[in-house]
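Dear colleague,

Please find the structure below, together with its sequence. My notes on the contact between the chains, on one helix pair and on one further helix follow it.

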Amino acid sequence: MEKMPKWADVILIPLISLLLAAILSALVILAIGENPIDAVKLMVTGALGSTYGWGYTLYYATNFMFTGLAVAVAFHARLFNIGGEGQAMLGGLGVAIICLTIPWPHWSIALLAACAASALFGAAWAAIPAYLQAKRGSHIVITTIMFNFIAAAVLNYMLVNVMKPAGSQDPATARFPEATHLPSFQSMFSTADNVVFRGAPANISFFVAVLACFVVWALIWRTRLGYEIRAYGHSETGAVYAGISPVRITIIAMLISGGLAGMMAINNVMGEAERLVLNPTEGAGFIGIAVALMGRSHPFGVFLAALLFGFLYQGGAELALWTQIPRELIVVIQALVILFTGALDNMVRMPLEKLFLGMRKRAE
Amino acid sequence: MEFFVTLIQVLDSTIRLSTPLLLACLAGLFSERAGIFDIGLEGKMLMAAFFSAAIAAVTGSVWLGLLAGIASSLLLSGLHGLASITFRGNQLISGVAINFLASGLTVLIAQSWFQQGGRTPSLFGGGRFEPINFPFAESLSSVPIVGPVYSELLSGHSILVYVAFLMVPATWWVLYRTRFGLRLRAVGENPAAVDTAGVSVVGLRFAAVAICGVLCGIAGAYLATALQAGFVKEMTAGRGFIALAALIFAKWRPWHAMWACLLFGLLQAIALRFQNIDLGGIVIPVQVMDALPYILTVVILAGFVGKAVPPRAGGEPYVKER
């Protein structure tokens, strides 16, 4: 017997957790001497009040969709992939190599190639921790953390010693050629007399991210592999009994996860920066953790949570611009969301389960 | 002779850089030996670094700063305990949350209190831990070999450095020679057995997490008030994770932890001093030195060079049988 109705598990608990995080964030804003209501108003107008704001919100949301899906897929196999940051960095390396070495005739072909390259590089970076977890029992959380740092060192080395154009002081690659520039929302949706999304970085990769949400949903709930991943995540012994190989599932789930994290690079490296710089991910890999937890590891949940975090990111940037509240407020909110939806889940869940059990008893 | 002088300088810097790693590593050792994984060492250090520097800057007393640092780190430890012991949540996720909480709150509060772009004012005078000079350090420094080793390498560190290295035998003694230590190790291997013996699993684990908080607090205070003079944004720079790496490298044992931290400190000191190292034609780039602690840890974890096996009940919340 279920302890509570499904809707409570899927909607009520995340909402209560979010509410708790919001209340605490408001207290933090109060404590540093600002008005939380004014702050929220400013965030809403800054992030959602114009197509420019939306352009940034959706750009950030695109990043978070990829990294959120990456964490979510791994969660289904009960693996905690904390290495999205490193995998996304390596994805950026793949995109940069593809864009700089091959003269692409058109952006659409370049985008397909970049998707493949970024996914391949991201997956490759997840492959070693996956192999070590599956075959040697090395804890995936620790190895993926270590691989984040190693990725940063690899990227640093590649940019400073190999890919930096001659004579440049800046540790970054050359700009990608014109033909690889992805269409931005501005060029896609503006008409001659009505320019929208002016100067905002949102680009066509947003739709790739939405497509990725669908593909992941179909994969997890509509394919045999997805079933095996979920079965393994629910019970390893049960899965083994059903003839599912833990080694195979661990490695495949991590490859998909790493590939998704790597694909973030088509948005931030190819779509926005149009070159590879140091620290291109800016923590988006870690936000994927909050997004996946908040979205209950369901692609639609991830989509909504990514939008929410996109809003928080753009709103936070506006706050930093117009008030004394620094951008780091978003990091605090992100921490609180991870805390309440992840670590303190039982704190919200236990009293609710009691409540629902009590209500059911009275009904009988 | 020039080589010798350089060697002494690098080793001296190794000791300074190893100290925060060692304190954080021993902190993690207590927690993980009791079965509570802690990837929030970084966050606790960062929080302590900020509060120690902030209070030291405001009051002018580094000792009050140290206390404030320890208190703030303990608070985060309490949160970790609440999430992972009381509410039996995921210890890893709780650690991640604590890291972000510290990284955001420190800058937020620093900006609100000092308006210096997320840093504290520079500390001077009584606001910092001063180096302690051993007796006769000055007069012995001219003696060849022994002189520089005594006066440069061993003498002239702040008190927290000596505290950190004294914590190694102390940790060993507590873990292996006291009843508390035996129980603490047992609770990380087989909490049900400890419970059967009538000892509180929850109490022991909270005690371990609290010790972890105190040590992380000292580590953070050392960073901001001894190694450097004041707090800057993200000043822990991954040290909490290097300490975690050292802990695995040491296979959760105190003396080995010291050697692992000294090794990783040495790597940091070399990277700091030499940048790219030219070994007769083969240049080792500085990034290799940066990444080496992590690479070594992965190799150790992979079990190719002696397998690292964590405490058996690590990461598992304890549910009392009903």
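Two residues are taken to be in contact if their C-beta atoms, placed from the backbone, lie within 7 Å. This is a predicted model, in which local features need pLDDT of at least 70, side-chain atom pairs count only at pLDDT 80 or more, and totals for chains, interfaces and linings use all residues. Residues are numbered from 1 along each chain as its sequence is written, while chains are lettered from A and ligands numbered from 1 in the order in which they are written.

Between the chains, the contact takes 35 residues from chain A and 36 residues from chain B. On the chain B side, α4 (91-114), α11 (239-249) and α13 (286-302) each supply at least two residues; helices here are DSSP runs (H or I, at least four residues; strands are E, at least two), numbered from the N terminus. The largest share of that side, 14 residues, comes from α4(B). By type, the chain B side divides into 22 nonpolar, twelve polar and two charged residues, where Ala, Val, Leu, Ile, Met, Phe, Trp, Tyr, Cys and Pro count as nonpolar, Asp, Glu, Lys and Arg as charged, and the others, Gly among them, as polar.

Within chain B, helices α7 (residues 159-177) and α12 (residues 254-274) pack at an angle of about 155°, with their axes 8 Å apart. Axes are lines fitted to C-alpha atoms, for helices over the stretch in contact, and angles run from 0 to 180 degrees between N-to-C directions. The two helices are therefore roughly antiparallel (over 145 degrees; under 35 is roughly parallel, 65 to 115 roughly perpendicular and the rest oblique). Val168(B), Thr171(B), Trp172(B) and Leu175(B) of α7(B) meet Pro254(B), Trp255(B) and Met258(B) of α12(B). Six of these residues are nonpolar, one is polar and none is charged.

Pro254(B), which lies in α12(B), is buried, with 23 other C-beta atoms within 10 Å; a residue is buried at 20 or more such atoms, exposed at 12 or fewer, and partly exposed in between. Leaving aside neighbours within four places in sequence, Pro254(B) is in contact with Leu26(B), Leu29(B), Val168(B), Thr171(B), Trp172(B) and Leu175(B).

In chain A, the buried residues of helix α9 (residues 224-234) are Glu228(A), Ile229(A) and Tyr232(A). They cover an arc of only 100° around the axis, which puts them on the same side of α9(A); the arc is that of the directions from the helix axis to the C-beta atoms. Their cover includes α3 (51-76), α8 (205-222), α10 (236-241) and α11 (246-263) of chain A.

With kind regards
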